[in-house]
Amino acid sequence: MMKLPLFAALIYIGRAAAVLEEVFAWKELDFDWPNDEFKNDLVKSGEYVAGNNLPLGVDRWKDKLFVTVPRWKSGVAASLNYIPLNSTDKSPKLVPYPDWKANILPKKGETPEENHIVSTFRLKVDSCDRLWVMETGLADILGEPSQISPPAIVIFDLKTDKVIRRYNLKGTDIKGDDSFFANIVVDVTKDTCDKAFAYVPDLGGYGLVVYSFADNNSWRIKHNYFYFDPLHGDLTVGGVNFQWTDGVFGLALGPPNENGFRTVYFHALASTNEFSVNTQVLRNESLATDPHSYELFKLEGNKGENTQSTASVFDEKTNVLFLTQIQKDGVACWNPRRKLEPANVGIAVHHQENLIFTNDIAIDSDRNLWILSDKMPAFVYKGLDPLEINYRILKIGVDEAINGTRCVA
Ligand SMILES: *[C@@H]1O[C@H](CO)[C@@H](O)[C@H](O)[C@H]1NC(C)=O
Ligand SMILES: *[C@@H]1O[C@H](CO)[C@@H](O)[C@H](O)[C@H]1NC(C)=O
Ligand SMILES: *[C@@H]1O[C@H](CO)[C@@H](O)[C@H](O)[C@H]1NC(C)=O
Ligand SMILES: *[C@@H]1O[C@H](CO)[C@@H](O)[C@H](O)[C@H]1NC(C)=O
């Protein structure tokens, strides 16, 4: 593959001074193979089919940019990966994390490696130098699905690259075959590392699982607001029309109050509404599972037509919520100091070609907004063109992204 020099491809996105930097771009994904023989064997056995590897989740820790590749189809080489940020390659190879061994699927009849990762969609780096991975355990989702291991929260120490905990969700956290755990957010500060909570939305079973790190225990919460809106499941992205029924998916945490509790903003993917609940409710199992708590969940408002969103993330400094906009090829913003209504939702970034299906976003510790776009509907419903750029990772400073929008306080 031709090596491109390291230069910032700057994309002008309409507003003066707002430029989006295209950091990486790929036609197809390739991996950092231990040697050619290893790769050739995987190609021969069908364990690596380049076109079936679609990047989906992104987050940054120091000089590592984590990128997930879920096992939608067979032939995914490794699901949990990173890119060294000093890479001089515009289309870098993905490096399996923590190593190849953890990412190789067991053969029929074999038990998986103790710390294996079968398939993950999203992950989060926390402020305690840990990586939280929502491992679905499910391979070949669109082909012949195979549940290799139970859905689990896997937590790595980023300083040692060792697993510090693997927690299998309980039977009562899972709603049969409907459950689909594709996201995870972590509620923690630098001073409360041992008291972290994780919130895991179930987009197929319309629930929310809460995990307490201190108690090493989890519980499942139900609410009508976790369901999809039947009037907003008809989507068109990058010229592909499809119908989805995905429930609660995007989840973002506001800043902590004096007691350490936060507002959690959430929405179903197939919906244009945004809801919220306080972590004081979620963290308290008896309160969260009590039907009388129904009204503790609030409707924040409606974002307007075509505002369906996969991921959301909150910037504490500016008090702004960012939301991917799959039907608008971009990322929107909203400042909760203003009422949530269409006029108060800003377009932070938009690009008709480079932002087709903004699948995930993350804000790193330098307050860069990272955006991963991947044309996923074309990948699922009609196939991607391997001669075109299909996947991109872009970034923009948070302050630049909201400059000139309704999101500035
Ligand atoms: C990037 O950093 C790693 C680890 O520090 C080093 O091994 C590698 O050679 C560096 N790569 C480049 C292209 O500078
Ligand atoms: C957490 O709970 C799981 C399942 O109940 C158990 O396998 C694991 O050993 C526990 N870990 C710790 C650190 O207590
Ligand atoms: C959980 O909520 C219940 C009901 O509001 C309350 O009585 C209890 O003190 C709470 N528990 C904790 C640990 O805050
Ligand atoms: C915001 O935009 C103005 C006008 O284009 C520009 O002067 C300013 O530097 C921008 N600020 C940031 C943080 O990008």
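**Rings, a ligand and disulfides**

Modeller: Let's start here: the charged end of Lys 73 sits over the ring of Phe 379, 4.0 Å from its centre. For that, NZ of Lys or CZ of Arg has to be within 6 Å of the ring centre and within 35 degrees of the ring normal. This is a predicted model, where local features need pLDDT of at least 70 and side-chain atom pairs count only at pLDDT 80 or more, while totals for chains, interfaces and linings use all residues. Side-chain values use heavy atoms, with hydrogens and water left out; residues are numbered from 1 along each chain as its sequence is written, and chains are lettered from A and ligands numbered from 1 in the order in which they are written.

Colleague: Which lysine lies over the face of Tyr 82?
Modeller: That's Lys 64, at 5.1 Å from the ring centre.

Colleague: And how many aromatic pairs does the structure hold?
Modeller: There are 30. Rings of Phe, Tyr and Trp (its six-membered ring) pair if their centres lie within 6.5 Å; planes under 30 degrees apart count as stacked, over 60 as edge-to-face and the rest as tilted. Among them are Phe 66 and Tyr 97, with centres 5.0 Å apart and planes at 90°, so that pair is edge-to-face.

Colleague: Are Phe 66 and Tyr 97 buried or exposed?
Modeller: Phe 66 is buried at 0% relative accessible area, and Tyr 97 is buried at 1%. Buried means under 20%, exposed over 50%, partly exposed in between (1.4 Å probe, protein chains only).

Colleague: Switching topic, what surrounds ligand 2?
Modeller: Arg 165, Tyr 167 and Asn 216, each with a heavy atom within 4 Å of the ligand. A polar side-chain atom of Asn 216 lies 2.3 Å from an oxygen atom of ligand 2.

Colleague: How many disulfides are there?
Modeller: Two, from a search of the whole structure; a disulfide is a pair of cysteine sulfur atoms within 2.5 Å. One joins Cys 128 to Cys 193, S to S 2.1 Å, and with -95° about the S-S bond this link is left-handed. Cys 128 is buried at 15%, whereas Cys 193 is partly exposed at 22%.

Colleague: What about Cys 333 and Cys 407?
Modeller: They form a disulfide too, with sulfur atoms 2.1 Å apart. The torsion about the S-S bond is about 90°, so the disulfide of Cys 333 and Cys 407 is right-handed. Cys 333 is buried at 0% relative accessibility, and Cys 407 is buried at 0%.

Technical notes
A polar contact is a pair of N or O atoms within 3.5 Å; within protein, one must be able to donate a hydrogen and the other to accept it, and residues adjacent in sequence count only if both atoms are side-chain atoms.
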